[in-house]
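Work through the exercises below with the model open. Try each task before reading its solution.

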Amino acid sequence: MARLSESGLPIEPVYGPASQEGWDPATRLGEPGRYPFTRGVYPTMYTGKPWTMRQYAGFGTAAESNARYQQLIANGTTGLSVAFDLPTQMGYDSDAALAHGEVGKVGVAVDSVEDMGVLFGGIPLGEVSTSMTINAPASLLLLLYQLVGEDQGVPSDRLTGTIQNDVLKEYIARGTYIFPPKPSLRLIADVFKYCKAEIPRWNTISISGYHMAEAGATPAQEIAFTLANGIEYVRTALAAGMDVDDFAPRLSFFFVSRTTILEEVAKFRAARRIWARVMKEEFKAENPKSMMLRFHTQTAGVQLTAQQPEVNLVRVSVQALAAVLGGTQSLHTNSFDEAIALPTEKSARLALRTQQVLAYETDVTATVDPFAGSYVVEALTDEVEAAALELMAKVEQMGGAVAGIERGYQKAEIERSAYRVALETDSGERTVVGVNRFKLDEEEPYEPLRVDPAIERQQAERLARLRAERDGAAVDRALSALRRAAQTPRENVLYPMKEALAARATVGETCDALREVWGTYVPVDSF
């Protein structure tokens, strides 16, 4: 009996030539770095240099996070990845009532340009690529980063990095949304236009399947709903008057990597092929870079266990290998203790060392797409692609990603998959080492990293000083200009937003100005 993959597809005990009957490598594979990019977006992939090694970090105050970044850079990290706390992600200042108890907990608290300056103090922004996991207020954090770069004397055309800026998946799986979908999409289009003119090397969006996968999406659902969101963003930019080849080369994606190596490799290859075809055939892109699905990968946090946490070192190594074999452009490896608390300095270093061992001690970087032509991987690639296209067609029949979100379709499908996995784990049908099999009678003690609760008070004091020292009238004028721009459909809100932030308006005040015009999103019941 065939075993089922995570997407519910049968994996046969043996594959052979019959599984590829009628399969044409010229059209299904092509060459590395060429349409349809099944074998990777660059001709040489890792044979010239390895992927970018990013480590996602951020906690407590800006000063504490800066110290962690300095440590990661010293240990060989080639790209920073910033985690923000929940108040920042939701557009609230640290002294807001709704922020109480969450300041600095799951990421760094950033309330103003002053915090951003401390966060990147001593880090040359013209030389470091920075990814910021921020969505609803992504435009604000990008502008704060640009302002810090200007303070360092770094021209904006030298800044490189990515903002996640993918609000549609927030409505589906994660929940850190602020505004309703339509103004949120307008804000994203404004970011596309702004970066084309002002920060041309910046990746304007990282269209994310990771969080949907963490919520329970299968590999097929992950790429289907992610690419459907990507199509919605492309349509939004086109409707705003942009040419597809002006913005599509700066689009990027963000996926999970699980321990199921074969299906994960197939998933990444299928996603590249689907996106290339959509961009070429539906949107008539002519620049090959517009057809490339470039993506960052993070190992699967949802597969980490608090029981026997050292076993997570093995899981993360397998997940990272899957991402590399699948052709990722950058990679974050989770720390083994993240199911318990924020990673310690030692565990973060071990996570980075995992990537370095793969890059420098194995032979996976010696050749491009080593699984090409594998009977099982090519069969799985075709099957995952077909399953994803079927789901994407259902979203299209509803009127696109936003229409599906408004009906609760994607969220309900993911919840059904998550429930199935929970039942399989509880029944023992699905093995989780250390949880439902191979358990210990008594867990070894472990001392996690703790966040000082005094951080909330310290941030509130910083905000009080900021408001007392700044030019309040200038802030009020700048926020009024931002409100007027938000009320004017064709005006780009990032220019008055930058003026407000430069005048030291806070993240919460700036988001509140937009809330007054655009309102806030109220979620719908599931499909």
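Helices here are DSSP runs of H or I with at least four residues, numbered from the N terminus. The model is predicted.

**Exercise 1.** Determine how far helix 9 reaches and whether its residues are mostly buried or exposed.

*Solution.* 
- Helix 9 covers residues 219-239, 21 residues.
- From first C-alpha to last, helix 9 reaches 30 Å, close to the 30 Å expected at 1.5 Å a residue.
- Buried means under 20% relative accessible area.
- Just after helix 9, G241 takes a positive phi of about 95°.

**Exercise 2.** Characterise the salt bridge between R28 and E385.

*Solution.* 
- The closest N and O atoms are 2.6 Å apart.
- R28 belongs to helix 1 (residues 25-28) and E385 to helix 15 (residues 375-398), 357 residues apart.
- R28 is partly exposed at 24% relative accessibility, whereas E385 is buried at 3%.
- Shared partners join R28, R273, R277, D382 and E385 into one network.

**Exercise 3.** Which residues form the negative surface patch with E310?

*Solution.* 
- The patch consists of E310, D441, E442, E443 and E444.
- E310 lies in the loop between strand 10 (295-299) and helix 13 (311-325).
- E310 is partly exposed, with a relative accessible area of 40%.

Conventions:
Residues are numbered from 1 along each chain as its sequence is written. This is a predicted model: local features need pLDDT of at least 70, side-chain atom pairs count only at pLDDT 80 or more; totals for chains, interfaces and linings use all residues. Side-chain values use heavy atoms; hydrogens and water are left out. Patches are made of residues with over 30% relative accessible area and no salt bridge: like charges are joined within 9 Å, nonpolar side chains (Val, Leu, Ile, Met, Phe, Trp, Tyr) within 5 Å. Accessible areas come from the Shrake-Rupley method with a 1.4 Å probe; for residues, only the protein chains shown count as cover. A salt bridge is a side-chain nitrogen of Lys or Arg within 4 Å of a carboxyl oxygen of Asp or Glu. Lys and Arg count as positive and Asp and Glu as negative; His and the chain ends are not counted. The place of a charge is taken as NZ of Lys, CZ of Arg, CG of Asp or CD of Glu. Helices (H or I, at least four residues) and strands (E, at least two) are DSSP runs, numbered from the N terminus. Buried means under 20% relative accessible area, exposed over 50%, partly exposed in between (1.4 Å probe, protein chains only). The expected span of a helix is 1.5 Å times one less than its number of residues.
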